[in-house]
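Morning, everyone. Have a look first.

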Amino acid sequence: MNWQDHIVTDNQVLLGKPTIKGTRISVELVLELFSAGWTEKQILEPYPTVTAESLRAVFAYLKECIQQELYFPILKPL
């Protein structure tokens, strides 16, 4: 899986947030939907330009971000 084929950034689209190529659907939105309990099928139905492969690319992108330590540490409450 080469996530770069599916995930792009463009300063003219959603203020440069990572999006699924050819859409205005952000990586953030996909993660929000999954975390809210949406299934892959539920995401793909209303967004016909999104593919199952592009959804997998979201996770490949995040995996690489974490491997490169591009994340915020989780702080314990005081």
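H1 and H3 sit roughly perpendicular to each other, because angles of 65 to 115 degrees count as roughly perpendicular. The angle is about 105 degrees, and the axes are 10 Å apart. Axes here are lines fitted to C-alpha atoms over the stretch in contact, and angles run from 0 to 180 degrees between N-to-C directions.

A word on the source. This is a predicted model: local features need pLDDT of at least 70, side-chain atom pairs count only at pLDDT 80 or more, and totals for chains, interfaces and linings use all residues. Residues are numbered from 1 along each chain, and side-chain values use heavy atoms, without hydrogens or water.

Who meets whom? From H1, Val27, Val30, Leu31 and Phe34; from H3, Leu55, Val58, Phe59, Tyr61 and Leu62. Contact means heavy atoms within 4.5 Å. By class, that is nine nonpolar residues, no polar and no charged.

Now the core. The largest nonpolar core has 15 residues. That is a set of buried Ala, Val, Leu, Ile, Met, Phe, Trp, Tyr and Cys residues joined through side-chain atoms within 4.5 Å; buried means under 20% relative accessible area, with a 1.4 Å probe and protein chains only. Those with the most contacts inside this core include Trp3, Ile20 and Val30. H1 (27–35) and H3 (52–67) each supply at least two of its residues. H3 gives the largest share, six residues.

Take Val30. Beyond its neighbours within four places in sequence, Val30 touches Ile20, Ile25, Ile43, Leu55 and Val58.

Overall, the pattern is β-β-α-α-α, from DSSP runs: helices H or I, at least four residues; strands E, at least two.

Conventions. Buried < 20%, exposed > 50% of the residue type's maximum accessible area, 1.4 Å probe, protein only. Parallel < 35°, antiparallel > 145°, perpendicular 65-115°, else oblique. Nonpolar A, V, L, I, M, F, W, Y, C, P; charged D, E, K, R; others polar.
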